Structures are given as C-alpha cells and as structure tokens.
Amino acid sequence: MTTPPFATGTDKTVPDLDLIVREIAEEMRARPDRGEVASYIPELARADPTAFGIAVADADGHVAVGGDADVPFSIQSISKVFTLTLALGKVGDRLWKRVGREPSGSAFNSIVQLEAENGIPRNPFINAGAIAVTDVILSGHQPKEVLGEILRFMRFLADDPSISMDDAVAASEQRTGFRNRSLANYMKAFDVLENPVDYTLGVYFHHCALAMSCRQLALAGRFLAHGGRNPATGLSVVSPERARRINAIMMTCGHYDGSGEFAYRVGLPGKSGVGGGILAIAPRKASIAVWSPGLDASGNSHLGRIALEMLTQRLGWSVFG
Ligand code: DON
C-alpha cells in the first residue's frame with residue numbers, strides 16, 4: 001500500500017500533516033517525562049527543559065511546524081551528517097580509509113574501541129569518527145576557511161543566511177572537551193589525523209555549535225529525502241547513491257548505542273545531538289527535525305524520539321515497509 005498524499009485542508013480521507021504535527025507538539029508539551037539536559041558542556045545546561053519543537057519539510061516545499069519550531073538550539077552531533085557530506089565531496093571513497101562504517105554499539109564518546117582498532121574510528125558519527133572527518137575537511141585549509149565553508153553549506157541547504165555558530169557553546173566545549181582531546185590525541189598517535197590536534201578540534205567544536213531551529217534543520221536535510229537534490233530549487237547536492245548511503249549510515253550509526261532502538265521504534269534514518277535535536281529522513285517524503293533538550297541514557301533526545309515514533313506511526317512512514 002502506498003501512503004496517500006497529504007490533505008489540502010478539506011479532504012479528510014488523507015492524513016492532515018499540519019494537524020498531526022500540531023497535535024504531537026501539544027502532547028509532548030504536556031508530558032512530565034523529559035529526560036536529562038546535557039551538562040558536560042556547561043553552556044548546554046542553560047537549555048530550557050520544557051522546550052519542544054518539530055518541523056516536517058515535505059517534497060512540495062511545505063513545512064508543517066509545531067511548538068518551538070523556530071527557536072534555534074545547538075545542533076551538536078547532527079552537524080556530523082553535513083560534515084560527512086562535505087568530506088565525501090572532497091575525497092570520495094578514500095574517506096573510508098580513515099573511518100569505518102559499522103555501528104559501534106558503544107557510547108558516542110567511547111575511548112576503548114579506538115585502542116582495539118588501531119585508532120580507526122568505527123563510524124563517522126561517534127565523536128572519534130566525526131573528529132577524523134573534520135580533519136579530512138580541514139587538510140589544505142585554515143580552520144577559519146573551513147568553518148566559513150561549513151556555514152555557507154548550511155545556509156545554502158536551508159536557504160537561510162541567518163544561520164550562525166554559537167561562539168559561547170564552542171568556547172564552553174573548548175574549555176571542557178577533555179575526552180574529545182584524548183580521542184584526537186590518540187588518533188594523532190596512529191597518524192589518523194593530519195592536522196594539528198588543536199586546529200581539528202577547534203573546527204569540530206565550532207561545527208557542533210551550529211545554532212539552528214527545527215525549521216532550518218528540516219529544510220537543510222531535504223536533499224537526503226529526495227535523492228540528493230533540493231526539491232524546492234532542483235539543485236543537486238550529492239548523487240542519489242550518496243544520499244542513500246548517508247541515510248544508511250544514519251540508520252545504523254546515527255543514535256550510537258541507541259541506534260537499534262531508534263530503528264525499531266521510528267523506522268527512519270536519524271541523527272541525534274546532545275543539544276536535544278534529531279534529524280530524521282523519510283525517503284521520497286520528508287525531512288523531519290525535532291527538538292527537546294532532555295536526553296535518554298544514550299544521549300539522544302527522549303521526547304524527540306517519542307515524537308518521531310508517534311509521527312511515523314500516524315503517517316505509516318517507515319523504510320521497512
Ligand atoms: O563532542 C561532543 O561531545 C559534542 N560536541 C557532540 C556530541 C553529541 O551531540 C552526541 N549526540 N547525541
């Protein structure tokens with residue numbers, strides 16, 4: 001059975017996306033269980049635990065929104081989807097010499113696996129893997145140039161020049177990111193990183209500190225839902241094959257040791273961040289962003305995941321049929 005198109009407002013035989021999204025936002029606002037706001041990056045602890053936002057960008061250019069969909073938050077590890085896209089654009093499949101593409105089954109900041117695997121991170125979404133990806137983008141450039149490139153890429157994808165990086169969040173992580181510094185130094189010892197550790201980490205902390213709203217994030221993810229192409233402009237970002245493969249890595253590795261649970265409950269590729277955001281991709285249908293700062297034990301948004309589970313159930317969206 002194929003999913004019916006969305007209602008235009010009067011036809012009640014097909015799901016009304018705007019209504020469903022608004023209802024989910026209201027249900028989420030009322031829930032008492034919110035998870036724990038991340039505090040290991042002190043600046044993130046300032047987030048409002050009662051916030052909840054959702055935005056669903058469909059193929060026709062419509063964005064259904066609910067709750068705090070226009071409030072910017074720290075996208076953190078969701079940025080890793082976009083740096084992976086840039087690194088693949090720069091070096092293609094040679095990237096896979098520096099980083100694997102298997103689920104890790106361990107925490108996003110785990111150190112033990114790196115030693116057992118000769119400094120090659122399991123995948124591009126755990127911290128070690130994302131730092132290696134950042135190092136690939138940085139080679140041959142100055143940190144400032146690369147940060148400018150990442151920012152221009154995000155603004156281009158979302159078609160929104162107001163997107164920025166939050167320097168206070170980046171500085172907060174610069175001061176406290178001892179685990180990431182350990183991961184980076186360890187990879188440097190294995191020659192997995194080419195650039196000075198401080199340069200690579202500086203770029204990594206800053207791209208994690210991108211501040212975006214659910215609306216902006218959903219718009220930025222559209223190319224992954226539509227065969228590598230922005231459906232609004234028709235402009236190609238990556239090939240259809242590359243979009244499929246980035247989605248595959250999001251599905252298998254996007255929620256760290258919570259990736260199996262996310263696939264089971266939501267059934268879509270997704271990438272989380274410790275700021276409480278999740279970007280999820282419904283191929284050929286929509287790019288979805290949710291945000292609620294409280295996290296579960298794996299560091300993924302508690303209500304964000306529940307909201308996505310509700311949305312996909314109500315719409316019958318799943319890559320598994
Ligand atoms: O490197 C860190 O720890 C953070 N900048 C990003 C981690 C993150 O978002 C994990 N995701 N849920």
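## Largest pocket

The residues that line the largest pocket fall into 13 nonpolar, two polar and four charged. The model is a predicted one. The volume of the largest pocket is about 300 Å³, and among its 19 lining residues L44, A47, P72, F73 and S74 are the closest to its centre.

## Second largest pocket

The second largest pocket holds about 230 Å³ of space. Its lining includes L88, D93, W96 and R101. Also in the lining of the second largest pocket are S239, E241, R242, R245, I246, A248, I249 and T252.

## Ligand site

Where does the ligand sit? The ligand is placed in the second largest cavity. Domain 1, made up of 17-76 + 213-314, and domain 2, which spans 77-208, both contribute residues to the shell around the ligand, so the ligand lies between these domains.

There are 15 residues around the ligand, and Y40, Q76, S77, N180 and Y204 come nearest. By class, the shell consists of seven nonpolar residues, seven polar residues and one charged residue.

An N or O atom in the side chain of Q76 is 2.6 Å from a nitrogen atom of the ligand. For S77, an N or O atom of the side chain is 2.5 Å from an oxygen atom of the ligand.

N127 also takes part: an N or O atom in the side chain of N127 lies 3.1 Å from an oxygen atom of the ligand. On its own the ligand has 340 Å² of accessible area, and the protein covers 99% of that area.

## Cavities

How many cavities of 30 Å³ or more does the structure hold? There are two cavities of that size. The largest cavity has a volume of about 70 Å³. Its lining is formed by 15 residues, and those nearest its centre are S110, Q113, L114, I126 and A128. The ligand, as noted above, sits in the second largest cavity.

Technical notes:
Residues numbered from 1 in each chain as written. Predicted model: local features only at pLDDT ≥ 70, side-chain atom pairs only at ≥ 80, totals over all residues. Heavy atoms only, no water. Near = heavy atom within 4 Å. Polar contact = N/O pair within 3.5 Å; in protein donor to acceptor, adjacent residues only side chain to side chain. Areas by Shrake-Rupley, 256 points an atom, 1.4 Å probe, with all protein chains shown as cover. 1 Å grid on protein atoms, 1.4 Å probe; cavity = no way out; pocket = protein on both sides within 12 Å on 5 of 7 lines; lining within 4 Å. Sits in = over half its atoms within 2 Å of the grid points. Nonpolar A, V, L, I, M, F, W, Y, C, P; charged D, E, K, R; others polar. Domains from an automatic or database assignment. Points joined across faces, edges and corners; volume = space filled by probe spheres on them.
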